Amino acid sequence: MALWTVTGGQKTGGLQVRRGAALSSALEQKRLEFGSTVREMARSKGRLRYELVKGLGPASGWVTLQLRGVDLLRPVEPERIQSCPAPAAEDLAGNGCSWPPGVMWPKAAVAESAEVSSCVSTVGHRHR
């Protein structure tokens with residue numbers, strides 16, 4: 001699924017998030033913060049159902065893609081994405097990180113070396 005960056009809501013504390021696709025559905029208490037990265041799960045009538053990948057806000061919900069002709073989210077460019085392999089279970093033991101298999105991370109979040117490609121999780125832990 002595609003990744004999106006939140007480009008709206010900088011002056012309002014983030015984007016409003018709803019529990020359902022309808023504009024009449026319940027609002028989440030927290031907003032999706034400007035600069036966050038989300039994974040598209042579905043789209044309907046100018047709305048996006050997402051799962052949070054990086055940043056602050058509800059873990060999932062529905063947001064509006066565009067308001068009054070202004071993009072509130074923009075797709076992450078494919079050339080800026082790199083797939084990171086999941087680390088071995090023993091590498092994750094005790095560090096409090098989760099690492100869902102198949103996660104796509106922006107290249108800026110990936111540290112590379114000549115011997116091993118180390119991925120940096122959203123909480124800053126390095127995994128080999």
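This is a predicted model: local features need pLDDT of at least 70, side-chain atom pairs count only at pLDDT 80 or more; totals for chains, interfaces and linings use all residues.

**Exercise 1. Find how many helices and strands the protein chain has, and where the helix falls in their order.**

Step 1: Count the elements. The protein chain has one helix and twelve strands.
Step 2: Walk along from the N terminus. The order reads β-β-β-β-β-β-β-β-α-β-β-β-β, with the helix placed between strands.

**Exercise 2. Decide whether K45 is buried or exposed, and describe its place and its phi.**

Step 1: Locate K45. This residue sits in the loop that links strand 2 (37-44) to strand 3 (47-54).
Step 2: Look at the backbone. K45 has a phi near 50°, which is positive although the residue is not a glycine.
Step 3: Use the cut-off. A residue is exposed when its relative accessible area is over 50%. K45 reaches 85% relative accessibility, so K45 counts as exposed.

**Exercise 3. Do the work again for R68: where is it, what is its phi, and is it buried or exposed?**

Step 1: Locate R68. Its loop lies between strand 5 (66-67) and strand 6 (70-71).
Step 2: Apply the cut-off of over 50%. With a relative accessible area of 78%, R68 is exposed.

To put both residues in context, 36% of the 128 residues of the protein chain count as buried.

Methods. Residues are numbered from 1 along each chain as its sequence is written. Side-chain values use heavy atoms; hydrogens and water are left out. Helices (H or I, at least four residues) and strands (E, at least two) are DSSP runs, numbered from the N terminus. Buried means under 20% relative accessible area, exposed over 50%, partly exposed in between (1.4 Å probe, protein chains only).
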